[in-house]
Amino acid sequence: MKDYYQILDIPSSADIEAIKSAYYNLAKKFHPDKNTRNPYYSADKFREIQEAYRILSNEQEKATYDQHFIYLQAQQLRHFTRDRRNVKPRSKPQTPSPQSAEMPQTSAEKFDMFRSAFLKKQKEIHQQYQEEKAKEQRDQKKSFQEAFKRNQAKLREEQAIYTKPVDEVAKAQKRGKQVTIIVVGMLVVWLVIIFLILNDMV
């Protein structure tokens, strides 16, 4: 596996701004159009830089790469430590020097360091995934509530539109009844007056 951090000449803790800055600087430096003396090397180097930037600029691909990279580094360090411990001396056994005595311990410490870094990174990725999942659920719940409120408001508006004509019809019917009563009353009064006039004439 390629060391993309080494290709871009940045530490593994670099943020996205540092990754972009390193990519732009190296892309300008190794662009094939600007390196006509050695175009093949520049083209290969430029492709490596583009590949490194494509992986490290994407959060998901970067997280996956960091997991595999740390795991492979830890495996290589463990094999190196095991091979160092299994090496047989060519000459007669001698008292180990302080440096050789400290070498397995230092390698073991490095392996523990890589292992703890790998577990920490894995925990961070899992926590980030849980946070994103919870955020997505909150967003879905919020969008569902907003849609429900919009539907309720729309239903209330439609009910108001349908209820208004019914109220107007009821009012018109009430006014019609009142007018009918008034007209009938006036007719009765006139009939009474006419009847009285006819009685006086007789």
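Leaving aside neighbours within four places in sequence, which residues is Lys62 in contact with (heavy atoms within 4.5 Å)? They are Tyr5, Ser12, Ala14, Ile19, Ile55, Leu56 and Lys121. This is a predicted model, where local features need pLDDT of at least 70, side-chain atom pairs count only at pLDDT 80 or more, and totals for chains, interfaces and linings use all residues. Residues are numbered from 1 along each chain as its sequence is written, and side-chain values use heavy atoms, with hydrogens and water left out.

**Overall layout**
- The chain has five helices and zero strands, taken as DSSP runs numbered from the N terminus (H or I, at least four residues, for helices; E, at least two, for strands).
- Along the sequence, that reads α-α-α-α-α.
- Of the contacts with a separation of 6 or more, 62% join residues 24 or more positions apart.

**Lys62**
- You'll find Lys62 in helix α4, residues 59-86.
- Lys62 counts as buried because its relative accessible area is 15% (buried is under 20%, exposed over 50%, partly exposed in between; 1.4 Å probe, protein chains only).
- Across the chain's 202 residues, 16% are buried.

**The surface**
- The chain's accessible surface is about 17,200 Å², with 57% belonging to carbon and sulfur atoms; areas come from the Shrake-Rupley method with a 1.4 Å probe, and for residues only the protein chains shown count as cover.
- Trp190 sits in helix α5, residues 98-201, and is exposed because its relative accessibility is 53%.

Methods. Contact means heavy atoms within 4.5 Å.
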